[in-house]
Amino acid sequence: MSPLRAAPSEARSAGRAAPRAPAPARRAAVPWAAAALVVALLLVVIVRLPWAGDLGIHAATIERLRHSFLHPGDPLVHADVPSPYYSPWMLLLGCLARLTGLSVFVVLRVAALTGLALLVTGVWRYVRTLSRHPAAPALAALSLVLLWGTELINWSGFLSLNSLALTVSYPSVLALGLAFHHWAWLSRALRTPSGWGTWLGLGALWALILLCHQFTGVVDTLGALATVLAARPPRPLWRGLAAGTALGLALLWLWPYYDFFALFRAGGDLEEVHRALYTEFAGRYWLALLGVAAMVQRWRRDRLDPLALFFALGALVCAAGFVTGHYSWGRALPAALIPAQLAAALAVVGGGRRAVRVRWAWVLAAALALGAWAQAGVLGYAVGRDRLPDVLAADYTAPWTGYHWITPYVKYGEVVMTRDFAARLVPAYGAYTVAPGYPDFFLPDESRREAAVQRFYARGTPRAVRRDILRAYDVRWVVDGPRTERDPALRPVAHGPDGQILYAVAP
């Protein structure tokens, strides 16, 4: 019987107050309330689904799979080539779109809800393997989204609040949520007797994460390696780990939609795109230094602390990427940030003297408040820029404008000549572009396509050359501004924002 039920009747009749909740539970109420507000904000953002970054290519991928599971082709251009965007998760979303007839943007909202749910529950499960304190999961969640810097960083796989609001529907969020579940499951498997099914399941989950988002898969791999090294598993467990790893590698090799291991040969434009990850480094991440200080304390207590090992592996990969010029390795930066942010949160609820923990709590609260203020412009994605105070609106980046205005004319599978950001958005509505809006490692004629687009839009290009380009790529439509010279082959049919015009190409 619980203490409340065991209380004598005279005590209850005398009007005595019910026993107060334990002190740790009372102190946990504040961080849990703050974490709930963050989740509520993200739910409102999902409803609005602001368009920025890679949303277009994920929408295009779902559209291709909606129309063909077996031969979807390149998601952006009309070419029968494989693509790393065809992951198990996107295949499932494509199946949902096909069976229900839902709009691709509704399906992306379903993806966002699923990814957010997996992320929240994954953080809770993993943090529970590190601390049993009631406030630990909430503090960890707040640190993961706010303990960054005062300069914004928006990149898939990065958990800053502003970045998460813009990428919550991406496969990277789902993969990161699965990664937290993977680390939690692996931690428990290394501590308690586990059968072959557990190890094979862990291997399959590892492969799933790598297929859904390759960069987050690297982060997951580093975290799993740190977990194994910290556990110092006895020899019998290594057989299970080896079996799970072998199964994961086999699944990666057998995946039919693209050659996973061919991605190790990617480079060129991919490296240049990621050079930006190493700029404004201090401004973007300096609040996480609080976690590095907490990490030092953890490492002094235990040289095989899992968070310390995780941080060291992530920092090593990122540093190697900078030194060697492999800037895409900077996508492993969450492998250094996540353990640092978790260490900062756990320092407040860990062992040691109460006075030290109180000081940590005040410092962490100040850092979280500063991080929240730096990212407060994210409120605009929920309520709109017009409702933001001027001081917050100044740091708000407006989402992109879609190309729904071309859909009454452009049908699925038709080719549209576009350039710049339009090439990232138009495929979301089912059309193809001549050149992809993103680096495409599996597209052999990518450079020739980009050169054709540049020549088409260049001033002084002869009309006959432009027509040859349109014929070569079976272009039916052109998106451009007002043309200074009349071309009988191009007939304006619709006007869009910013002076854009949709031209129909004469047969």
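Leu-49 sits in the loop between α3 (23-48) and α4 (55-67); helices here are DSSP runs of H or I with at least four residues, strands are runs of E with at least two, and both are numbered from the N terminus. Its phi is near 45°, a positive value in a residue other than glycine. Leu-49 is also buried, at 12% relative accessible area, where buried means under 20%, exposed over 50% and partly exposed in between (1.4 Å probe, protein chains only).

A word on ground rules: this is a predicted model, with local features needing pLDDT of at least 70 and side-chain atom pairs counting only at pLDDT 80 or more, while totals for chains, interfaces and linings use all residues. Residues are numbered from 1 along each chain as its sequence is written, and side-chain values use heavy atoms, leaving out hydrogens and water.

Now jump to β4 (490-495) and β5 (501-505). These strands run antiparallel and are joined by five bridges (strands pair if DSSP finds at least two bridges between them). Pro-492 has Tyr-503 in β5 as its bridge partner. The hairpin has five residues between the strands, and Asp-498 takes a positive phi near 60° there. Asp-498 counts as exposed, at 76% relative accessibility.

What packs against β4 and β5? The buried residues of α23 do, and they also pack against β1 (415-417), α22 (446-457) and β3 (475-480), with contact meaning heavy atoms within 4.5 Å. In α23 (residues 463-472), the buried ones are Arg-466, Ile-469 and Leu-470. Seen down the axis, they fall within an arc of 100°, so they line one face of the helix; the arc is taken from the directions from the helix axis to the C-beta atoms. Ala-464, Arg-471 and Ala-472 are exposed on the other side. Just after α23, Asp-474 has a positive phi of about 55°.

On to the rings. The whole structure holds 22 aromatic pairs, counting rings of Phe, Tyr and Trp (its six-membered ring) with centres within 6.5 Å; planes under 30 degrees apart are stacked, over 60 edge-to-face and the rest tilted. Tyr-86 and Tyr-257 have centres 6.1 Å apart and planes at 50°, so this pair is tilted. The two tyrosines are 171 residues apart, and the pair links distant parts of the chain. Both Tyr-86 and Tyr-257 are buried.

Finally, the charged end of Arg-303 sits over the ring of Trp-299, 3.9 Å from its centre (NZ of Lys or CZ of Arg within 6 Å of the ring centre and within 35 degrees of the ring normal).
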